[in-house]
Amino acid sequence: MSTDDAQGTAAASIEAAQPATRAIPAKPSLDGVEERWSAVWQDQQTYRFDRTVERARVYSIDTPPPTVSGSLHVGHVFSYTHTDLIARYQRMRGFEVFYPMGFDDNGLPTERRVQNYFGVRCDPSVQYDPEFTPPAKPGKEQIPISRRNFVELCEELTLEDEKGFEELWRRLGLSVDWTQTYATIDTRSRAVAQRAFLRNYARGNAYLAEAPTLWDVTFRTAVAQAELEDRERPGAYYTIGFPRSSGDGEVIIETTRPELLPACVALVAHPEDERYQPLFGKTVRTPLFGVEVPVVAHRLAAPDKGSGIAMICTFGDLTDVIWWRELSLPARAVIGRDGRLLADPPAAIDSDAGRAAYAELASKTVHAAKTRIVELLRESGALKGEPRSIEHPVKFYEKGDRPLEIVSTRQWYLRNGGRDEELRAELRARGAQLNWHPPHMRVRYENWVDGLNGDWLISRQRFFGVPFPVWYELDEDGEPRYESPILAAEDSLPLDPSTDAPPGYTAAQRDVPGGFTGDPDVMDTWATSSLTPQIAGGWSYDEDLFARVFPMDLRPQAHEIIRTWLFSTVVRSHEEHGALPWSDAAISGWILDPDRKKMSKSKGNVVTPMGLLKEHGSDGVRYWAASGRPGTDTAFDVGQMKIGRRLAIKILNASRFALGIVGGEGDTVLPAGIATGDAADEATLAAVTEPLDRALLASLADVVDQATAAFDGYDYARALEVTESFFWTFCDDYVELVKGRAYGGAGETGAASARATLAVALSTLLRLFAPFLPFVTEEVWSWWQAGSVHRARWPEAPQLRKLAEAAPARQLEVVGVVLSAVRRAKSEAKVSMKAEVASARITAEPDVLALLEPVGADLRNAGSIADLTLAAGTSEITVTVELAPRPAAV
């Protein structure tokens, strides 16, 4: 369907959306506009999505669900404003905009907030207490409560946070359809996430595996590759001698993790390193523990790092995992899920001396074990020299504060191309099909896909999340049979295997030999958030809606989560639907503090937005946000907010002035065609007769073209820039040039032309500004138009050009240059702008003079010029001004 058809239908549907026009106030003000218009929009459902329209008329947005773990900050205001700009623009283009709002309320951030807020911690071994009430004031020690009690507190607190979020979004003016909301832990989301998991399992894309896992010892949970971050930390290289099994000397290695010596399974060097080629195939013994381990070759060993030969431990880092897997080495785990060394040594440590040495480390934290083993190595003579201090990158969970460990655990995985080259190529191709705004962000996606080294670990050992809809049979010894899980039926979803029994079993058979046990884990938050198009769009529960909104048109998001949210959503849609989840991705940048550092809660440099909205007005804050280029990091700038507020005030005052001219004092009733400029009807065509008026409309048509093209390319900042620039020209030059004529100074024909042009221009400008400054534009629109400006048509350049009748847009620019020169002469002479000019001589090329000659009367009137002379000359416009003599003082 064409945009014209969409606009025509939309315009017809909102005729009575708002009350008839209001009187123009004597003293326009921005005070209270947010409260007034927010209430009107809510009451009249201005932004309600019409779900009866066909897919071709829908523009759907996969709105980011903000994490509900406290308050929003100004970075949220920045990026969510960008989405709203696009939503408002597309709505004015005639499309029904599906613009839901979600809340990401599961996962670690919520759990931490609940623990701190209520002073509790989850202990699944505690029985549910239906009468539990959290303490009025949390104590120093957190109270252990059941998982169900804990989840209830999570739901209670997130519900309150969501109310606060909605209040702020309404204050900001987001044109969200508030009847279309969801939370990532609500009943609908749990059912969708569990259904998608079951289908992934049926296709063989989800699987359970025992494998080395990145583990956060604080939160006691597995961590996925996408959640890692490297942080520079102080460390040290320890030089250790490994005795050769042959007894002829030792092999020197350097390591930063001597505490993992009991987990050592081999030494490794590069296959082309001549120093160690004679050792390949030979063995050495681990100091203190006396375990015989081989010396092996692998391409990932770095000859120029340390001594060029390293010990392989299970597991010190991700490279250890690769070596262990590719070289088929044994596993000797020594670190437990609590971050302490296990109580018992690996079976390979079978000597009395080795066991005695390990006993010195057992149950110690990693730090304490490192300290003790260095002492033991020094006493034995295996430590060579003193440790060498270094700074090196250490892997952390992005929300954690202790280095990650690698432990062997049983986890659920989704295939994502990390171990499947064919799938990797398919997902890379999906990235190429997506329209990226800005285009260079596609590289981040491709780099992530190319760098994957394993499948997506989606299980978490937490409490407030979507449970896996899986149980396991227990054998006669009470051990789970993981190889044959019991899967829930889709029509039973959502469910919780920790409280619900599987088909064919009773609750009494839970956790007893021959019975069953529920899967204790929950899904990674991204495993749910990666389904936001399906959750919001109605997949599997509202297929009619889903058919109208999916695939969606837009995914707006930040650049740092391309690797997580965007990629994982592509993975889920590719597998389930064989398509991209959306056609376009608009990527926003970060907000930087005055020191050019990213604002974040963890750094403590964020600014909460409600105070800014109240001080500078929502339109002012939106102006600052809209000035940030797509995908570009932008500085927090109160100065820009002040400029935005001044612009909003200027729109109020300039509109009141223009409408006073257009309709006459106190008269707000205007002919429909002239008032709106929606169509170049005969009345308007007949009214616009003067050259300067036509030039103004020709120039305005160019602005509409530029703003439309910018919005179509998701460059809202450019659309604002060209609109604002023209607006100041309109106010400073055009209005001053024609106001004398508009009041009847040049006859009724000239006055009618000026009034019609003012009306068309004002209507057009209000609609161009509407996505950016929704409150002030709605306020002004209500003075003289029925309905909402946000359901009005987006301006159309061809209509304006028809009114302009091929007038040269440059004419307005040339007249502005002359008027500016006259003003400058008066300013330098320190006289009033109303001071009379005895004569003004304009020298310019003939084609410029041809533009000035038809508008001479307007120039003389605006500049109070008695005698205006046009003379042919050089390419530059030269204006010579002679002021009229000042009256003699009495």
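Glu-805 is placed in the loop between α25 (797–804) and α26 (810–828), where helices (H or I, at least four residues) and strands (E, at least two) are DSSP runs numbered from the N terminus. The model is predicted, with local features requiring pLDDT of at least 70 and side-chain atom pairs counting only at pLDDT 80 or more, while totals for chains, interfaces and linings use all residues. Residues are numbered from 1 along each chain as its sequence is written, and side-chain values use heavy atoms, with hydrogens and water left out.

Although not a glycine, Glu-805 has a positive phi of about 50°. Its relative accessible area is 45%, partly exposed (buried is under 20%, exposed over 50%, partly exposed in between; 1.4 Å probe, protein chains only). Ser-864, also not a glycine, has a positive phi of about 55°. Ser-864 lies in the loop between α28 (856–863) and β29 (865–872) and is partly exposed at 25% relative accessibility.

The peptide bond from His-437 to Pro-438 is cis, with omega near 0°; Pro-438 is in the loop between β17 (435–437) and α11 (442–451). Phe-550 and Pro-551 are likewise joined by a cis peptide bond, with omega about -5°, and Pro-551 is found in the loop between α14 (543–549) and β24 (552–558).

Helices α17 (residues 618–626) and α18 (residues 638–663) pack at about 125°, with axes 7 Å apart. Axes are lines fitted to C-alpha atoms, for helices over the stretch in contact, and angles run from 0 to 180 degrees between N-to-C directions.
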